[in-house]
Amino acid sequence: MRQTNLRWVAPLPLACALSLGDAGAEGRWVEVKSPHFRVLTDAGEKEGRNVATGFEQLRKLFEAMGDIGVDPPAPIVIVATRDEAGLKQLLPSFWEQRGGARPVGLFLAGTEKHHIALRLDVDPGARDDIVYHEYLHLIARLNFTELPVWLNEGLAEFYAGTTVRDGSVLFGVVNDGWLAVLRESVPLPLTDLFAIDGGSREYNEESRVSILYAESALLTHYFMVGDRGAHRKQLTDYMSLLSKGVPEPQAQAQAFGDLKALQKAFFSYVHRYHFSALKAPLDLSGSTATARTMSEAEVLAVRGEFLARYWRA
């Protein structure tokens, strides 16, 4: 999990949201149901379908990784507001500190249902990466008792920037920010990176966490995409061994071999001039989803669920 589950932007002017009193179609809330997701939005049916399509794409990419579970027992409900004011209605505590930062996306895991809240009036790249990142963590928890921190965060970053372009899905794009961090810092030796756990200073101290995320993201990219996927089997073998309960040091030795040789190849990879990404066919499940207008009582119930989760009686 990232140091924070929020992505921030500057405050925007507020407008009334979560109100169905306006007769305009844009103000009505609609429910869009795709095969695996439920999207609630006041931005119109088209936007709701777009959101559903994005998550269906991501689910399909995870499913293609192999024999893994991709559907949690609790349903996933995505609430997509058309602007900042709508998100403020759901999460008022983040706006109560004067001059404080404002979230554009938030993932709330739960036992009865998982909530994802996001705004649609911001750059999707600044919004989707945080909710996609946390969605990957949810999938990881379904399949592994515990993934090493570097791989858990590396996989989440690998899929976080997934986008739909020109009728296909683009994923595995290298994050320029993480690349700059890694090139401008002294990378951690792989033995140190692999040893980081939830209690490590590198995972919990703001001054240290950037190098962890940067190196984890690029190392995962090296395994998944580097040299035309030549190293991918090493990573899938490693994950398979972990899923079978093989101790981590033994899984590393079996899957990666000589760590010094791997480190040398990886450090060289970081300084390449070009990094490839991957493409997959577009899944149109979101565009064939069903849609209906929600009642005002239903919308208020959704708001109530969010307030209850933050103990806002």
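Lys113 is partly exposed, with 23% relative accessible area; by the cut-offs used here, buried means under 20%, exposed over 50% and partly exposed in between, for a 1.4 Å probe and protein chains only. The model is predicted, so local features need pLDDT of at least 70 and side-chain atom pairs count only at pLDDT 80 or more, while totals for chains, interfaces and linings use all residues. Residues are numbered from 1 along each chain as its sequence is written, and side-chain values use heavy atoms, with hydrogens and water left out.

**Salt bridges**

A salt bridge is a side-chain nitrogen of Lys or Arg within 4 Å of a carboxyl oxygen of Asp or Glu. By this rule the count comes to 13 salt bridges.

| Lys113 | Glu305 | 2.9 Å |

Lys113 and Glu305 form a salt bridge. Lys113 belongs to the loop between β6 and β7, whereas Glu305 belongs to helix α13, so the pair ties together parts that are 192 residues apart in sequence. Helices (H or I, at least four residues) and strands (E, at least two) are DSSP runs, numbered from the N terminus. Glu305 is partly exposed, at 29% relative accessibility.

Glu96 counts as exposed, at 51%, and Arg312 as partly exposed, at 33%.

**Helix α13**

Helix α13 comprises 14 residues (296-309) and reaches 20 Å from its first C-alpha to its last, close to the 20 Å expected at 1.5 Å a residue. The expected span is 1.5 Å times one less than the number of residues. Val299, Val302, Phe306 and Leu307 are the buried residues of α13. They lie on the same side of α13 because they cover an arc of only 135° around the axis, taken from the directions from the helix axis to the C-beta atoms. An α-helix has 3.6 residues a turn, so residues three or four places apart point the same way.

The elements that cover these buried residues include β3 (38-41), β4 (76-81) and α2 (84-90), where contact means heavy atoms within 4.5 Å. The face turned away from the buried side carries the exposed residues Ala297 and Ala308. Trp311, with a positive phi near 55°, follows α13.
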